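Dear colleague,

I am handing over the structure we spoke about, and below it you will find my notes on what was found. Please read them with the sequence and the model side by side.

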Amino acid sequence: MEKHIKNLNEQQLEAVTSTEGYVRVIAGAGSGKTKALTSRYAYIVETLGISASNILCVTFTNKASREMRLRVKKLIGDQHDLSYITTYHGFCVRVLREDINKIGYPKNFVIMDVEDQKTILRDIYNEFGITSKLITFKQVLRHISRRKSSQEYLDYIINPTKKEPKNDLDKIFYRYLQKQQRNFALDFDDLINFTLYIFLTDKVVFEKWKQRLHYIQVDEMQDSSEKQFRLVSMLSETHKNLFVVGDPDQTIYEWRGARPEFLVDFNQQFPSSKTILMNQNYRSTPNILTLGNHIIKNNKVRVDKDMFTQNPQGVEVVHFHAKNESEEGNWIAEEISRLVSKEVCNFSDFAILYRANHISRSIEQALVKKNIPYTIFGGIRFFERKEIKDILSYLRMVEFEDDISFLRIINTPSRGLGKKFIEEVSMIAENDNISLYSALQKNIASDGLNRKGAKDFIDLIEEFQKLRSKKKISDLIKIILDQSGLTELFRTDGDTDRLDNLIELQNSIIAFESEDEDISLDEFLQEITLYSDVDLEEDQGDKVKLMTIHTSKGLEFPFVFLCGFNEGILPSAMSIKERRAKAIEEERRLTYVAITRAEKALYLTESEGYNFSTGQNKQPSRFLFEINENFLVRKGEFRKDVDDSHLRMPSRLTGIPIDQEFKVGDIIEHKVWDEGEVIEVNREKGEYLIYFSLIDSKKPINFEFKGLTLIES
Ligand code: ATP
Ligand code: MG
């Protein structure tokens, strides 16, 4: 049998060979959806003989798309152009690089990230005399993103007309659009909006792309937004081959517009479609699988799946309760050391997952103390760090002479060109409708702008521009760092991390160059705009991996620690405050995603102490109590003298026995689920059945549980 379809089960084989028409796969975590998708890709290329440049394969995150490309490479080798295995954003950039000129933009448009957006905003605030105390950047960015959820603004960008802003936020919004337009800059929301706009308004271009993409495949479909779904379904209109896979239980981006119903209702949208279900889990031990199922089945809005596995039983799942964060971190570090020294596994077999970035700090400290090598995925994205942005802005300035880079570096390091000076340059640029850099160049001789610092800046940029075609990018960066004074600046800052990061950047460029010797500065800059730290820090060394649950999506690791498993963290304080069952359900799905990353062993850890986001003492996550006792081994002690939190634990954990206290009809208060009514008292089992309206659910609660207070008898 051909290599790429060997080892597939019946359903996977069906998914692979059902290449024509609309096909959907719905299946739980670890059932081999991504495997089926990558094998199908290989099948289309190798068995059907279709060129890879006719197959679009999209997924949600950079990390997942790289992973997918790797898996495909393993199947069909690397003589194919796999650049259409990408993210939605990556694909939109492809379309725009080819066709954005149809709406009057140059093909080397600039892609802005959040830092660039803020640079523009700073300039606008200056101009309007607004301070970020009055309106925060966050507020404005949210407003911009909201206004961009409809396509209306595109008409304005493409044909600027006079607008009467309704309020300050709107005034900033329109100014932002003007500045974007002047710089031919696109932010992340624009990428898909521009693409859809071009497809909807230019029949010839749309036809070309529809013709080109004979096969379209989407992984992690449950997290696609309405626009993303529209994009792929529009593109499939000609050849009508659209293959989508996903798991509604793993929807974790609803807060960012994910619409799982497109996966769930796919058969209604495409009545001729075929649905394939997969039930066998190949990733995890039965212990881990059962635990995941226990938790997820508490979600109301879902279709139950019947998953099984033939994997060996493996070890039991462990719950560790620590007295404080540092004990939690130390215990994790200890466990990792123990297993590695027993030669059961390597450091790189471990992943430590958490709901929020800040949780990593105490874990990191413990790992450092024990000399355990680790790498963090996420956090501040590498390319968003100040020092990296600064040097990249120099490169961009050399290439594009754009205003955003100009503003960032004109006075970094300081050349004595303050706010006032920049305002003057801005005014000239505004009047003559030219870029800031041109304004500076043109007017350098005039009295107002004749400053030594300005002259130095222009000389510097011109010097770099001369070197651009002669030097490799890695060499050019070294020269810029030294001559611009950036190295000196960071050295005197005393922040060695910054210098380390710059060295890391140079290493990554050397890696780029070894893959593609002739990479131009333009290409390089375009490429990295789409990167996050993951791409750079993913060095293969033997290191423990730390990341948020969101980042771990679609991945798998032999040993997984889910840490910070507390109320106010997972579920987040925000979702608890919202008091909507829907918000809690998304948190439960996150928990499910985390648990189902584990192959061989899973640890759930949490600790006591103060939680700054809730302002209360920490409690174990409510999801912990949804797991049947028999499926966990508990470690760590609940102490009576720490705070009152132990009182709310079942006596099996505290060791304090207690009898029935409430009767049917009593109204009680539960610290997590608020008010509830006792519906039933089951003496045999020693538990109440209590209805909680907050979660619209009846829960069995042990007599011994001390966290209930009587409100009304
Ligand atoms: P997720 O929902 O988490 O993205 P998934 O459904 O995409 O999971 P995969 O990542 O494709 O699952 O597969 C999980 C693991 O099971 C992988 O290690 C994969 O190689 C393995 N696997 C999948 N199908 C088979 C099979 N038929 N035989 C053996 N191993 C398999
Ligand atoms: Mg997958």
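Predicted model: local features only at pLDDT ≥ 70, side-chain atom pairs only at ≥ 80, totals over all residues.

**Ligand 1 and its surroundings**

The shell around ligand 1 holds 19 residues, of which G32, K33, T34, K35 and Y282 are the closest. Sorted by class, the residues of this shell are four nonpolar, 10 polar and five charged. Helix α2, which spans residues 33-46, gives the most to the shell, contributing three residues.

**The annotated range**

In an unreviewed entry, UniProt lists residues 6-285 under "domain: UvrD-like helicase ATP-binding".

**Strand β11 and its partners**

Strand β11, made up of residues 317-322, is mostly covered, in that five of its six residues are buried. Strand β11 is joined by four bridges to strand β19 (residues 632-635), the two running parallel, and within this pairing F320 stands opposite K635 of β19. Strand β11 is also joined to strand β16 (residues 598-607), here by five bridges and again in a parallel arrangement, with H319 standing opposite L604 of β16.

With best regards

Technical notes
Residues numbered from 1 in each chain as written. Chains lettered and ligands numbered in written order. Buried ≥ 20, exposed ≤ 12 C-beta atoms within 10 Å, placed from the backbone. Pairing = 2+ DSSP bridges. Near = placed C-beta within 6 Å. Nonpolar A, V, L, I, M, F, W, Y, C, P; charged D, E, K, R; others polar. UniProt positions renumbered as here; feature names shortened; annotations may be inferred.
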